[in-house]
Amino acid sequence: PSPPSVLRHTNRLINEKSPYLLQHAHNPVDWYPWGQEAFDKAKTENKLIFLSVGYSTCHWCHVMEEESFKSKEIGEIMNEHFVCIKVDREERPDVDKVYMTFVQATSGGGGWPMSVWLTPDLKPFAGGTYFPPEDGVHRVGFRTVLLRIAEQWKENKDALLESSQRILEALRHTSEICVKGQESPPPAKEVMDTCFQQLSRSYDEDYGGFSKSPKFPTPVNLNFLFTYWALHRTAPEGARALQMALHTLKMMAHGGIHDHIGQGFHRYSTDQHWHVPHFEKMLYDQGQLAAMYSKAFQISGDEFFADVVRDILLYVSRDLSDQAGGFYSAEDADSYLTTTSGEKREGAFCVWAAEELRALLPDPVEGATEGTTLGDVFMHHYGVEEAGNVDPMKDPHQELKGKNVLIARCSPELTAARFGLEPGRLSALLQECRQRLSSARARRPRPHLDTKMLAAWNGMMISGFAQAGAALAEQGYVSRAAQAAAFLRTHLFDPDSGRLLRSCYRGKDNSVEQSTVPIQGFLEDYVFVIQALFDLYEASLEQGWLEWALHLQHMQDKLFWDPEGFAYFSTEAGNPSLLLRLKDDQDGAEPTPNSVAVTNLLRAACYSGHVDWVEKAGKILAAFSERLQKIPITLPEMVRATAVFHHTLKQVVICGDPQGEDTKEMLHCVRSVFSPNKVLMVADGASAGFLYRQLPFLASLERKDGKATAYICSNFTCSLPVTSVQELRGMLSP
């Protein structure tokens, strides 16, 4: 055991489960988790609260911790004047949103780490994001801010309390989203066209994507463009929408944002070319991108996209999977250069020096131009330069100096021609190089893994596996999705209350642990899990998933629906520590829950015959109507849902034995065609089954001439029976 002098200070965060909170358990700051104990202390001692919100893959959160929260002197100031609370925003998006709304409204910007000062009754009055520890030329330092605020509280307590009350009233007023007089959803065609035009204007013709830099993957934009194409297949706008989406996905897959050695995608690119990323990898990106590349494959039939799907799912299965079946949240961007180095660098795990590559790939290549080594071929193909290929402008801290971020600079044909190789041979050589680099990388210290498991993000990943399994006809992916759904059912669902839980954690010896007081699921947990269960039913035809989805939809209505202003609140009522019940109004890195809820409600109605759900979907669109008409580009997923609402979902019913070859052939046809406004179900004749109880009309549908037969139904009225796969394909893609 270490001598007592070396014993590290430990605060209350040591009892938490979140990996991010545990990272701060040895700061000299007397951190509390968000909860009654901290609130009571602030009230009893009449102290202000300092709230710090971050997450484990946030670079500037690490910086502020190193500079300020590990400083004994700053820790003393914080402990003397404030009750200090640390929040993991991924665990508590509710707390994060309330105070981020305040920071954005008062400072014009937002981000993490978020630093907010609150009165003892939790009302915010001052805030910002990252503060350097000491005053600089352009910024006031954290120490100064702490002392000034403590002084203000001593001198002008009443003025502070009064202004915090005024601020809260203003936030309540400006953050309200509700129906403004007109009760109907906006016109679908205009909203779709405006959204397409706005995206088209911001599109980068050369490199794809929707801004110059930084560049984000934005799956919501791609999902919208695929639907826009499907509804305008023969028009030039439709062709352009498809080209924009496919080109963006191709350029991303070639870029440095894609990990060519370790698979999966990094968070975003700092430049216009998708080259130098911020290196963290988030579960929600992998889930949504797996779904987008699956759709790209369905539409184009191009194997390139199917390979990217396999690449993402390989990464998630290998590096983000818990043995019990759940998915971890993220991998950090920063890691140690070597096992002995004292400081972490961004991207250290992923980047390469040219001499390192030469040493790993020295073999001469037979049949290539005289003197060619594996290293020459690989370095040419992936844009490696002797002095490093990272623009110093994109590397302000010189962390990537002399290093290379791999980016596929040439087409395989060009690289092959350059070295006099057959394209097939080149592909095998590059594969061999990547294997070797992968083994070399395995010897480097790995970045920190956030092993928290969140219901919402697990839902997105289940959708990714299920959609990929259906589109690529890959049963293993469907099984992995089912394993994760069973994990949610066991670890993130409370059968007694019928409610979802937000999070669980990897414990000692790989067990799955829960907090002493579990965090209840938020709206986003419900919508992404419900969406996942519908996707999983369509891929597996297991009716149990449908039954659970419909149960959760009823529960979501009960906990979050706003009967006055329409649409769902992000959080449930009755939590006194949350000052505002908000509704998000932007589809960002993840779609906003209300956007996904519209499509979920329409699918739920198709599977249950419960038409009130269609009406609810319309009410959500009515509540967001003004925003959808003016700036639809901020809600592309809800715009997409507007079109689905307007065009009415088609129920594709296949009557047949799910194990029969004729049924399988029809299912394969339905799953291989991209059709954004269909739901799939199989009527297997087991009339006691769940679907037959929900939808009495199914009993009247039968097989024609003893063969598997498809019906396309709309509002529970069915087309003539179809027994030929060709005819079915024609009906699915107008």
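1. In this predicted model, F69 and F142 are both buried. The two rings have their centres 6.0 Å apart and their planes at 75°. An angle over 60 degrees counts as edge-to-face, so F69 and F142 form an edge-to-face pair.

2. Where do F69 and F142 lie in the chain? F69 belongs to helix α3, while F142 belongs to helix α6 (residues 142–155). These parts are 73 residues apart in sequence, so the pair ties them together.

3. F69 also pairs with W31. Here the ring centres are 5.0 Å apart and the planes stand at 85°, so this pair too is edge-to-face. W31 sits in the loop between α1 (19–22) and β1 (32–33), and F69 in helix α3 (residues 59–69).

4. For the model, the count of aromatic pairs comes to 33; the pair of W31 and F69 and the pair of F69 and F142 are described here.

5. Two lysines are also placed over rings. K86 lies over the face of W31, at 5.3 Å from the ring centre. W31 therefore has K86 over its ring, by the rule that NZ of Lys is within 6 Å of the ring centre and within 35 degrees of the ring normal. The other case is K583, whose charged end sits over the ring of F569, 4.8 Å from its centre.

Notes:
Residues numbered from 1 in each chain as written. Predicted model: local features only at pLDDT ≥ 70, side-chain atom pairs only at ≥ 80, totals over all residues. Heavy atoms only, no water. Phe/Tyr/Trp six-rings, centres within 6.5 Å; stacked < 30°, edge-to-face > 60°. Helix = DSSP H or I, 4+ residues; strand = E, 2+ residues; numbered from the N terminus. Buried < 20%, exposed > 50% of the residue type's maximum accessible area, 1.4 Å probe, protein only.
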